[in-house]
Amino acid sequence: MALRNAVMAALLEGEASGYDLAKAFDATVANFWMSTPQQLYRELERMEAEGLVTARVVEQERRPNKRLFRLTEAGRKAVHAYTAEPLGKPAVIRDELMVKVQCLDAGDMEAVRTAIAERMEWSTAKLARYERLRQRLLDGRSEEAYFAEAERIGPYLNLLRGMSFERENLQWGDMALRRLDQRTAALRADS
């Protein structure tokens with residue numbers, strides 16, 4: 001998948017600056033697509049040159065002027081075409097923590113334990129952010145009412161996937177820490 005597809009998905013929410021998109025990526029699509037602000041700005045420039053987005057300048061008094069981007073009709077057609085394409089291979093997980101866990105038996109078990117605990121803290125914080133976003137989207141409605149009434153349900157479905165992913169991270173981390181504690185206790189008993 002190209003970054004442009006994730007940018008177009010984010011712009012379906014409406015007009016946004018590059019800064020707004022970077023924040024939106026962190027709050028919405030970051031659970032399935034990562035991008036640096038520099039990559040985002042470069043992609044927006046390419047997309048504008050290709051006619052997929054248009055930009056307008058908003059003058060600001062005490063800040064630099066900002067550019068607000070929105071999808072063009074060609075951009076909306078590109079979104080439609082993209083969603084019609086067959087999927088490629090499933091995503092490959094590239095996670096340094098998993099490599100460290102794989103090396104655990106020959107490495108520094110306590111450092112890996114700390115890394116797992118830190119990942120759990122990260123997942124807990126991310127899950128809390130996702131829950132706040134979920135409550136904002138629901139706006140007092142039940143999920144059933146949301147799915148029946150909302151203009152767009154894709155972002156909510158992705159949010160639920162991100163929440164599920166973070167819950168699974170916490171479940172795995174809890175199990176891994178228990179097993180490491182058991183292993184440490186067994187090694188001490190053998191010494």
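This is a predicted model: local features need pLDDT of at least 70, side-chain atom pairs count only at pLDDT 80 or more; totals for chains, interfaces and linings use all residues.
Colleague: Hi! Where should I start? Which residues have the most contacts inside the largest nonpolar core?
Modeller: Good place to begin. Ile 116 and Leu 159 have the most contacts inside that core, which has 20 residues.

Colleague: And which helices supply at least two residues of this core each?
Modeller: Helix 6, residues 109-138, and helix 8, residues 154-190, each do that. The largest share comes from helix 6, with nine residues.

Colleague: What does Ile 116 touch?
Modeller: Leaving aside residues up to four places away in sequence, Ile 116 touches Leu 97, Val 101, Trp 172, Gly 173, Ala 176, Leu 177 and Leu 180. Another core, of 17 residues, lies apart from the largest one, and Leu 3, Val 7, Phe 25 and Met 47 are among its members.

Colleague: Back to helix 6. How far apart are its end C-alpha atoms?
Modeller: They are 43 Å apart. At 1.5 Å a residue, the 30 residues of helix 6 should span 44 Å, so the two values agree.

Colleague: Which of its residues are buried?
Modeller: Among them are Met 109, Val 112, Ala 115 and Ile 116. Further along, the buried ones include Ser 123, Lys 126, Leu 127, Tyr 130 and Arg 134.

Colleague: Nice. What caps the N-terminal end of helix 6?
Modeller: Asp 108 does, with a side-chain oxygen 3.2 Å from the backbone nitrogen of Glu 110. After the helix comes Asp 139, whose phi is positive, near 50°.

Colleague: Which residue caps helix 4 at the N-terminal end?
Modeller: Thr 72 is the cap there, and one of its side-chain oxygens lies 3.3 Å from the backbone nitrogen of Ala 74. Helix 4 itself covers residues 73-84 and reaches 17 Å from its first C-alpha to its last, close to the expected 16 Å.

Colleague: Changing topic: how many aromatic pairs does the structure hold?
Modeller: There are three aromatic pairs. In one of them, the rings of Tyr 146 and Phe 147 have centres 6.0 Å apart and planes at 75°, so this pair is edge-to-face.

Colleague: Is Tyr 146 buried or exposed?
Modeller: Tyr 146 counts as buried because its relative accessibility is 4%. Phe 147 has 28%, so Phe 147 counts as partly exposed.

Colleague: What else does Tyr 146 pair with?
Modeller: Tyr 146 also pairs with Tyr 156, and that pair is tilted, at 4.8 Å centre to centre with 40° between the planes. Tyr 146 lies in helix 7 and Tyr 156 in helix 8, so the pair ties together parts that are 10 residues apart in sequence. Tyr 156 is buried, at 0% relative accessibility. Together, Tyr 146, Phe 147 and Tyr 156 form one aromatic cluster.

Colleague: Where does the charged end of Arg 129 sit?
Modeller: Over the ring of Trp 122, at 5.9 Å from the ring centre.

Colleague: Last one! Is Glu 166 buried or exposed?
Modeller: Glu 166 counts as buried, with a relative accessibility of 2%. Glu 166 lies in helix 8 and touches Ser 123, Lys 126, Leu 127 and Tyr 130, not counting residues up to four places away in sequence.

Terms used
Residues are numbered from 1 along each chain as its sequence is written. Side-chain values use heavy atoms; hydrogens and water are left out. A nonpolar core is a set of buried Ala, Val, Leu, Ile, Met, Phe, Trp, Tyr and Cys residues joined through side-chain atoms within 4.5 Å. Buried means under 20% relative accessible area, exposed over 50%, partly exposed in between (1.4 Å probe, protein chains only). Helices (H or I, at least four residues) and strands (E, at least two) are DSSP runs, numbered from the N terminus. Contact means heavy atoms within 4.5 Å. The expected span of a helix is 1.5 Å times one less than its number of residues. A polar contact is a pair of N or O atoms within 3.5 Å; within protein, one must be able to donate a hydrogen and the other to accept it, and residues adjacent in sequence count only if both atoms are side-chain atoms. Rings of Phe, Tyr and Trp (its six-membered ring) pair if their centres lie within 6.5 Å; planes under 30 degrees apart count as stacked, over 60 as edge-to-face and the rest as tilted. A charge sits over a ring if NZ of Lys or CZ of Arg is within 6 Å of the ring centre and within 35 degrees of the ring normal.
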